[in-house]
Each structure stands twice: as C-alpha cells, then as structure tokens.
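Please have a look at the model below and keep it open while you read. We will go through it one region at a time.

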Amino acid sequence: MTISCHLHPDIQNAYKVLDGQPLTRQEALDLANHIHGEDLLDLISLANKVRHRFAAPAAPACSIINAKSGRCGQNCRFCAQSAHHHTGIDTYPLLPPEKVLEAARTAYDHGVRHFGYVTSGYGYTEPTPEFLAMLETFDLLHRELPDLNLCVSIGILSRQTARMLAEHHVYRYNMNLQTSPAQYARLVADTHTIQDKLNTIAYLKEAGITNCTGGILGLGESWEDRIDMAFAIRDLDVEGSPLNILLPIPGTPLQDQPHVSPADAAKAFAIFRLVNPTKMLKFCAGRETLMKDFQALLMLSGLNSLMTGGYLTTRGRSVPEDQQLLQSLADF
Ligand code: SF4
C-alpha cells in the first residue's frame, strides 16, 4: 500500500520557517487565502512545531489590575471605557497603592510573577500628580514583592515619562498596535495617532523597558490588515505580543460586529507565529468568553503564554485552572 502525503503546497513552503527562513508577506497572505477546512490542522501543527523549536517552553501566565476605570477621552471603537460610548461599566479613579498591593499579592500567592498595571486614558506625557502617585505604587510593589515583574499599560508616554517608569521598577510596557498601522484611524481611534504609539515604543526602548505589543482580531479588519499587523510587530522587534479576540461590547460602535470564528482565530494565530517565530505570543481577551471549548486548540496554534485571572471589563477563569492548562500544553 502506498501512503501519499497531501500537505497543501503553501504549508509545505512554510516549513522553511523551521529552518530559520522567514516567511514573506505574500506567503503569509497565501496561507490566509488558501488554507481552509481540513488543511487548517496542518497549518496549526506547523505553528506548534515552530513554537516548540523557537519559543518553548510555555512562558508563565500574567495577571492584570485595572487601576483606573472608564471616563476616557479617547474614542477607541472596541473599548468599554471610552466616554464616547455608553457601556454602563463601573468607573473609578486611580486605586490607592494598598489596593493594588492586595491584588498583586493574590496573584503572587497563586504563582503569578508577571503583574500588569493598567489605567484608562490617553496617557502621560508630563509627570502629573497622578503619574507621580503611580510611581509611588510601583515603588511599594517593588519593596513588598521584589521578584514580581511589573508590567505597565498607561497609554501614550513622552521620553521623560518613559525614563521615569524605568527608574521606578517597570520592566515591561504594553502598548498595542491593535491592528494594521495603516488602518488605525479607520478601525480603532482618531483621537490619537498610531505615530503617538510608535513614538512611545521607541522611548521605552531607549529607556531600557521591554515591550509587549499586540492587537485585536475582529475589529472589521481584512486578512491583509491582520498580516500587516503581524509584520509591523515583527519589524518593531518587541519581546511579546498579546493577541485578543474582540468581544463586542453593547454600547460601543462595534457592538454588532460578527464574532471571529475559532477557525479564523486559529489561522490568524498560526500565521502570527510563523511570522514571529521566537516571540512570546500571549492569548488574552476572548479566550474563555468567546473561544470556550476551542481555547486549548487555539493555544496549540503557536501561542506560548496566556493572560490569567480576569481582563479589564470582562471576566476570566481561575488562576490555577490556567496554570494547569499551560502545563498540559507544554507536553504537545
Ligand atoms: S483603549 Fe485605552 S485609550 Fe482607548 S478608549 Fe479604552 S481606555 Fe481609552
């Protein structure tokens, strides 16, 4: 009996990534356009092999606290916290340092060593009293939990404020592109620019802070836009990328946006891994709420980390459940 191999030619070609050869934009686009149905698991398998070779073992989970919620003057179309939309979320001013410490300790006691501090708003291009209050919180966290890695996401920065974060124990910063840079104003927001974000990433690099820069699937973008985002992130040479799937929130302009299917999410994640073989790719929003039974398959589509313990305005699973998931995935 002869057994023939029927790998799709575009996937066969993409096996070169395992030999350290980069995928071109056209090759990534061919995968997006030609791989469907039964070929999809072959693409997922390749992405998992690439993850295994270049980005294993699975990186630790991280957890976040929303330290200031809502009342944001920016108009990001997906976001429940924008004052331009009517989402009815809980809003509150900056949390006091003790509250943040309490949340960090809970995450720490569950074995989490990467803690994200997130606030709503444009950001801080000057050391305002609120910015200085945050620095005090970071000092407190460092004193009490010295081996907790502090990741921060507080919006647009200047060279000065980026440097001040570095002086106050911030080791990583989250600044998402969200989508293809060329489509940012149309698909995300026009109250600030993608250039503001790219400048912030450059200032952070100058200051010695590592970057976690990713985006969202499901904003109404095309496959070309998804691939342009993957390449833009590759070119920025950031340390990691959070990948989110839009959970359309009532009251936002995207409330009726169709959900991304698990198959499309898996294809996008796999292509993202092939374009960014060595990076930490982290599954964040949409994992349990939208992908439900498919979340493990999606992790196997080339991802090597996840966010645990609740995400901003939507709910997550328990930290031990997520740690178990990550440990089990390491066997594949
Ligand atoms: S994503 Fe950030 S900047 Fe944009 S509306 Fe939401 S809180 Fe504001």
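Helix α2, residues 25–34, packs against helix α9, residues 223–236, and their axes lie 10 Å apart. The angle between the two is about 140 degrees, so α2 and α9 count as oblique to each other; an angle has to be over 145 degrees to count as roughly antiparallel. As for its hand, the crossing of α2 and α9 is right-handed. Please bear in mind throughout that this is a predicted model.

Is aspartate 237 buried or exposed? Aspartate 237 has 12 other C-beta atoms within 10 Å, and a residue with 12 or fewer counts as exposed, so aspartate 237 is exposed.

Glutamine 178 also has a positive phi without being a glycine, with a value near 75 degrees. You will find glutamine 178 in the loop between β6, residues 170–174, and α7, residues 184–187. Its surroundings hold 25 C-beta neighbours inside 10 Å.

Now turn to the loop between α4, residues 97–109, and β2, residues 114–119, which holds glycine 111. Glycine 111 is exposed, because 12 other C-beta atoms lie within 10 Å. Which residue is 8.7 Å from glycine 111 in space, C-alpha to C-alpha? That residue is glutamine 323, although 212 residues separate the pair in sequence.

Helix α10 covers residues 262–275, which makes 14 residues. From its first C-alpha to its last, α10 reaches 20 Å, close to the 20 Å expected at 1.5 Å a residue. Of those 14 residues, 11 are buried, and α10 is therefore largely enclosed by the rest of the structure. The buried residues include Phe269, Ile271, Phe272, Leu274 and Val275, but also Lys267 and Arg273. Ala265, Ala266, Ala268 and Ala270 are buried in α10 too.

Finally, go to the ligand. Among the residues that surround the ligand are Cys72, Cys76 and Cys79, together with Gln74, Gln81 and Ser82. Ser120, Gly121, Gly155 and Ala189 also belong to these surroundings. How many residues of this shell are nonpolar, polar and charged? The shell around the ligand has four nonpolar residues, six polar ones and no charged ones.

Technical notes
Residues are numbered from 1 along each chain as its sequence is written. This is a predicted model: local features need pLDDT of at least 70, side-chain atom pairs count only at pLDDT 80 or more; totals for chains, interfaces and linings use all residues. A residue is near a molecule or strand if its C-beta atom, placed from the backbone, lies within 6 Å of it. Ala, Val, Leu, Ile, Met, Phe, Trp, Tyr, Cys and Pro count as nonpolar, Asp, Glu, Lys and Arg as charged, and the others, Gly among them, as polar. Helices (H or I, at least four residues) and strands (E, at least two) are DSSP runs, numbered from the N terminus. The expected span of a helix is 1.5 Å times one less than its number of residues. A residue is buried if 20 or more other C-beta atoms lie within 10 Å of its own, exposed if 12 or fewer, and partly exposed in between; C-beta atoms are placed from the backbone. Axes are lines fitted to C-alpha atoms, for helices over the stretch in contact, and angles run from 0 to 180 degrees between N-to-C directions. Angles under 35 degrees count as roughly parallel, over 145 as roughly antiparallel, 65 to 115 as roughly perpendicular and the rest as oblique. A crossing is left-handed if the near helix is turned anticlockwise from the far one by less than a right angle, and right-handed if clockwise.
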